[in-house]
Amino acid sequence: MPTSRSRRAPGARGGCFAVLDPATGETFDEAPDQQPEELDAVVGRAHAAWLGWRADPGARTTALLAAADAVEAAGADLAPLLTREQGKPLAESYAEIARTAARLRYFAELDPGTQPITDGRPVRGEIRWRPLGPTAAIVPWNFPLQLASAKFAPALAAGNTMVLKPSPFTPLATRLLASVLSTVLPPDVLTIVTGREPLGARLASHPGIRHVTFTGSIPTGRAIAQRATASLARVTLELGGNDAAILLEDVEVERIADRLFWAAFRNCGQVCMAVKRLYAPARLHSQVVEALAQRAKTAVVGPGLDPGSQLGPVSNAPQLARIEDYTARALADGARAVAGGHRLDRPGYFFAPTILADVPPDSPVVRQEQFGPILPVLPYRSLDEAVAAANDTGFGLGGSVWGTDLDRAEAVAGRLECGTAWINHHAETSLAQPFAGVKDSGLGVAGGPWGLYGNLSPFVVHRPVEG
Ligand code: NAD
């Protein structure tokens, strides 16, 4: 089994950069600081590997199923390393690894098939599907392995090769994952590059890359889309969210409070489709605030490696600074921290789970994506007002509606402007479903068969009707 210590990648000339443990705020390892000039050789090798990888779908299925087994077998090495660099509780790291293996299995066995062209006229045509070539993925730090696999599993299953760049905050578990996968995949089918900007920017605009798939913030997504235009590469963007949850008048607060709390606070709130704004009927507002505050006060916050921790530290210092800033601005504008509202007095990037009441609706913690352990709870008087407030945003990733009458809840969910709407839960997904944000939250579709087709190009063959 490969060790968790980072080693300088072959050809890395730029030295290394430090990786910090968010539970201590101190450096615990380093990763190669690869330079943009290395990308020509990396992409060239990915292209050479593609010529073999694209040729045999059966061999791909076998290799990807073996990859899933290898990931599972390496769980005990991967999980603590992931927790160490990202901060999340160990059980969540194991869940991320299980999801990575499941995704490999799902896409390994997904067949794009061929489709006849049928438009009522006597045309005998057929659609086949071809891989695109070497592709690039750039991913963030909140789910390093799960989001990496959301990129490479469909790309590799489609017959593409991939160069993947993790966030500089969380490069280590991804490097170890690549090392594990190298025991079952042909060389250069999946290459991990690590380094600081402009490595990602140069990867996104490399002329040898045929598809750039990115998960991260909206501003970076915009920049990447502009850069990829230069080479006319296909672009898929999975971007930020500011999901609203609406509680209906008939909601049973105590019954849903645990689920609702964790829909906002899992992974320390650092989930693209976490509940980030909560709208409660004015009549129930105090009860909802109290129920959530009680859970926020009793949630166990500590290092992810401590078995009892339910919430780890915030993942990195800039993210902690953003959370502190949003909270301070809300409090200065008259909000009340019914729970939390401050950093914990201990080393590392710990922030107390925070429930905010009396928040002005135009406060940044409501209007922007806080991406941390803070939840503003806003009262509403009419359902139309709540739906309008939920939709009054440039974000469009997810949303949810909570109540006892499921038909009514579903009717309200149908009015939300987002890619996925949940009833009485939030952020649960299936590997078989499409995943796409609307408005500024994304471009293109990931997940399920749509994710596979996003990595393929249609190839149409026409035959004459006669002769
Ligand atoms: P980010 O945009 O700052 O960085 C994401 C990745 O892009 C990192 O690997 C980073 O190194 C790289 N990068 C930074 N600048 C770049 C540039 N100019 N060109 C190319 N690459 C560049 O995002 P983050 O802070 O790492 O992640 C948090 C964001 O990700 C949140 O907005 C969250 O909602 C979003 N996210 C979205 C989804 C989704 O599926 N929609 C999932 C998880 C996270």
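Which residue takes a positive phi in the hairpin of E3 and E4? Some notes on that and the rest follow.

1. **Ground rules.** This is a predicted model, where local features need pLDDT of at least 70 and side-chain atom pairs count only at pLDDT 80 or more, while totals for chains, interfaces and linings use all residues. Residues are numbered from 1 along each chain as its sequence is written, and side-chain values use heavy atoms, with hydrogens and water left out.

2. **The hairpin.** It's Gly120, with phi near 90 degrees, and 6 residues sit between the two strands. Strands here are DSSP runs of at least two residues (E), helices are runs of at least four (H or I), and both are numbered from the N terminus. E3 (residues 115–117) pairs antiparallel with E4 (residues 124–131) over 3 bridges; pairing requires at least two DSSP bridges between the strands. Gln115 faces Ile127 across this pair.

3. **E4's other partner.** E4 also pairs in the antiparallel sense with E18 (residues 456–463), this time over 8 bridges. Here Glu126 stands opposite Val461.

4. **The open sheet.** Six strands run in the order E7-E6-E5-E8-E9-E17, with mixed pairing. E7 (190–192) and E17 (442–443) are the edge strands, each with a single partner, so one side of each has no neighbour in the sheet. E6 (residues 161–165) and E7 run parallel, joined by 3 bridges, and Val163 stands opposite Thr191.

5. **Domains.** The chain splits into domain 1 (16–240 + 432–462) and domain 2 (244–423), with bounds from an automatic or database domain assignment. Their C-alpha centres are 30 Å apart. Contact (heavy atoms within 4.5 Å) takes 29 residues from domain 1 and 35 residues from domain 2.

6. **Ligand shell.** You'll find 28 residues around the ligand, and the closest are Val139, Ser217, Thr220, Leu239 and Glu369; a residue is near if one of its heavy atoms lies within 4 Å. Each domain gives the shell at least three residues. Helix H7 (199–204), strand E8 (211–215) and helix H8 (218–229) each supply at least two.

7. Pairs of N or O atoms within 3.5 Å qualify. Oxygen atoms of the ligand lie 2.7 Å from a backbone N or O atom of Val139, 3.1 Å from a polar side-chain atom of Trp141 and 3.4 Å from a polar side-chain atom of Glu238. Taken alone, the ligand exposes 850 Å², and the protein buries 86% of that (Shrake-Rupley method, 1.4 Å probe).

Conventions
A polar contact is a pair of N or O atoms within 3.5 Å; within protein, one must be able to donate a hydrogen and the other to accept it, and residues adjacent in sequence count only if both atoms are side-chain atoms.
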